[in-house]
Every structure is written in C-alpha cells, then in structure tokens.
Amino acid sequence: MITINKKERTFTCQLCGNDFITTATRAKYCPTCRKIMQNVRSRDYRNKKEHGEHIRKIGEKDICIECGKPYVVRSGFQKVCDECRKKYTNQKKVKANNDYRNKTYDSCLFYVQKGEKEKLQEYAKAHELSLNELVNTAIKEYIRNNK
Ligand SMILES: [Zn+2]
Ligand SMILES: [Zn+2]
C-alpha cells in the first residue's frame, strides 16, 4: 500500500465560487471549471491560428513581412521592422501629397526631343525654377505674346 503524502487544501473556485479540495499548492478553478477554462484557452488559440494570426509577445523577435529581417515586436499589430515602418509612413505621406496634387492640378504629358529634357532641366535650374514652373511660365508667356 502506497500512501501519498500530499496535503489536501481547500480552495474557492474563481469561476463558479464553489469550494474544492486539491493536493495542488495553487489552484484557481475547481476541476470542472479548469477543464472549461482549458477548452476556452485552446479554442482561442485555435481561432487565432485559423485566422492566420501569429501569437506573439511584446519583446519577442519576429520576421519582417517586408524585408524578411528579424525585429523586436513592440505591438501586437506590428508586422514590419522599424525601418520598413518608416518606409510605410513615408509612402503614406507621399500618397497624401499625390492626392493633394491630383485634386489641385491636372497633369499633362508632353514629349520633347531626346536630350532636350536635360537641357530644359538645366535651364530651369539656372533660373531657379522647377521644370514644371518653367513650362507653365513659358506657356503663359507664349499665350500673352501671341494674342
Ligand atoms: Zn468551478
Ligand atoms: Zn523590414
């Protein structure tokens, strides 16, 4: 006959409030509720897994989905490394600028002879204009002079 020399303690289950006896030194839930909690937890885990969510902890290392480099996770939503996040933010800014430009201006494409573009750009630079400003000024000038 083997005697198990373990002390039995009485705990109050935090889920159902019933007192229960266990030989464990620490217990939060009665055996019935513990099973329920385990099921809930593993279901949560499965759900997350099924939805493709990687379960991570802050401070853990993960692989950047953009560049593939490892980085330290700072928030649960973080998917890219710091460098790529900066790139992302810049892209957003560029997009905002583009949106503004698209709302404010029409773009028109025109062609110049090969090599002319560089010459025009240099000319514009010498006059402290952007190529765009030069073209706009030139057009206005032309129209004013040829009415
Ligand atoms: Zn319970
Ligand atoms: Zn990256």
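**Contacts and overall build**

Author: Among contacts in the chain between residues at least 6 apart in sequence, 0% join residues at least 24 apart. Two residues are in contact if their C-beta atoms, placed from the backbone, lie within 7 Å.

Reader: What kind of model is this, and how are things numbered?
Author: This is a predicted model, where local features need pLDDT of at least 70, side-chain atom pairs count only at pLDDT 80 or more, and totals for chains, interfaces and linings use all residues. Residues are numbered from 1 along each chain as its sequence is written, while chains are lettered from A and ligands numbered from 1 in the order in which they are written.

Reader: What is the mean pLDDT of the chain?
Author: The mean is 86, and 91% of the residues reach 70 or more. pLDDT is the predictor's confidence in each residue, from 0 to 100.

Reader: Where is confidence lowest, and where highest?
Author: Lowest in helix α1 (residues 31-50), with a mean of 80. Highest in strand β2 (residues 19-22), at 93.

Reader: How many helices and strands?
Author: Four helices and four strands. Helices (H or I, at least four residues) and strands (E, at least two) are DSSP runs, numbered from the N terminus. Along the sequence the pattern reads β-β-α-β-β-α-α-α. The chain is more spread out than a compact globule, because its radius of gyration is 34 Å, well over the 15 Å that the globule rule gives for 147 residues. That radius is taken over C-alpha atoms, and the rule is 2.2 Å times the number of residues to the power 0.38.

Reader: What box do the C-alpha atoms fill?
Author: Roughly 115 × 30 × 25 Å, along the principal axes.

Reader: New topic. How do β1 and β2 run?
Author: Antiparallel, with four bridges joining β1 (residues 9-12) to β2. Strands pair if DSSP finds at least two bridges between them. Thr-10 has Ile-21 of β2 as its bridge partner.

Reader: And α3, how many of its residues are buried?
Author: Zero of its eleven, so α3 lies largely in the open. Buried means 20 or more other C-beta atoms within 10 Å of a residue's own, exposed 12 or fewer, partly exposed in between; C-beta atoms are placed from the backbone.

Reader: What comes after α3?
Author: Glu-128 follows, with a positive phi near 55 degrees. Glu-128 counts as exposed because it has 8 C-beta neighbours inside 10 Å.
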